[in-house]
Amino acid sequence: MSRFILASNSPRRRELLGEAGYDFRVISPPWPEPTAGGRGADATDFARATSYYKARSVASICRNSVIVAADTVVARDGQIFGKPADREDARRILTALGGTTHEVITGVTVLDPRSGQRVITMDRTEVTMRRMTAPQLEEYLDSEEWQDKAGAYGIQDVGDRYVERFVGSFSNVVGLPMELLADVLQRFAIFPCIPSKG
């Protein structure tokens, strides 16, 4: 069976999978996602663990399908930046990231409750962001494109104009490393079932 469950509320992840030609349905994880932020935690461990707990929470209510879950965070100098809580938090995050090179890390879990097979992995992309002027920052905050995005920006949205360069997977920065995920899904005998729109 090629169909699987995406354990996610993210429209961007749905779009990436749909464009790649996969057949899936969406279930929101019934699990309170922890707040990413501050120092002391390892960003890679945090992203992988959060993706696993999302997948496991859906597996507890749906045990007949392969489950895919992901979690994206931004890390710089030992600090993890998740989704901003509000406008002022977005301002803080964007100010900290502007003019720097940081990492976008996505943890990915693919889990089959029927067999117990699971893969927990991650991808990492380096992103260099231009520093915003005060008017540019206010304009971006007014756009509300920062909402529900790790690091308070979307490379596929208005925030793209402030990305100077990136090294690694573009789709990873969007929220789901499709090259990595395609390789993992093959281990579960899951392949795109319709031609990719790309």
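This is a predicted model: local features need pLDDT of at least 70, side-chain atom pairs count only at pLDDT 80 or more; totals for chains, interfaces and linings use all residues.

Biologist: Which residues of H3 meet H4?

Modeller: From H3, they are Arg-87, Ala-90, Arg-91, Leu-94 and Thr-95; their counterparts in H4 are Leu-137, Glu-138, Tyr-140, Leu-141 and Asp-142. Sorted by class, this contact of H3 with H4 comprises five nonpolar, one polar and four charged residues.

Biologist: What makes Tyr-162 a buried residue?

Modeller: Its relative accessible area is 4%. Buried means under 20%, so Tyr-162 is classed as buried. Tyr-162 is located in the loop between H4 and S8. Leaving aside neighbours within four places in sequence, Tyr-162 contacts Thr-128, Met-129, Arg-130, Met-132, Gln-136 and Tyr-140. One of these, Met-132, is 30 residues away from Tyr-162 in sequence, yet their C-alpha atoms are 7.3 Å apart.

Biologist: How do you know that strand S7 pairs with strand S8?

Modeller: A pairing requires at least two bridges. S7 and S8 (residues 163–167) have four, in the antiparallel sense. Thr-128 has Arg-165 as its bridge partner in S8. Thr-128 in S7 also stands opposite Thr-101.

Biologist: What joins strand S6 to S7?

Modeller: Eleven bridges do, between S6 (residues 101–111) and S7 (residues 118–129), and the two strands run antiparallel. Their hairpin has six residues between the strands, and Gly-116 in this hairpin adopts a positive phi near 85°.

Biologist: Why does Asp-148 count as partly exposed?

Modeller: The class lies between the limits of 20% for buried and 50% for exposed. Asp-148 has 38% relative accessibility and therefore counts as partly exposed. Asp-148 is in the loop between H4 and S8.

Biologist: What is the phi of Asp-148?

Modeller: Asp-148 has a phi near 60°, which is a positive value in a residue other than glycine. Ala-189 likewise has a positive phi near 60°, and Ala-189 lies in the segment after helix H6 (178–187).

Notes: Residues are numbered from 1 along each chain as its sequence is written. Side-chain values use heavy atoms; hydrogens and water are left out. Contact means heavy atoms within 4.5 Å. Ala, Val, Leu, Ile, Met, Phe, Trp, Tyr, Cys and Pro count as nonpolar, Asp, Glu, Lys and Arg as charged, and the others, Gly among them, as polar. Buried means under 20% relative accessible area, exposed over 50%, partly exposed in between (1.4 Å probe, protein chains only).
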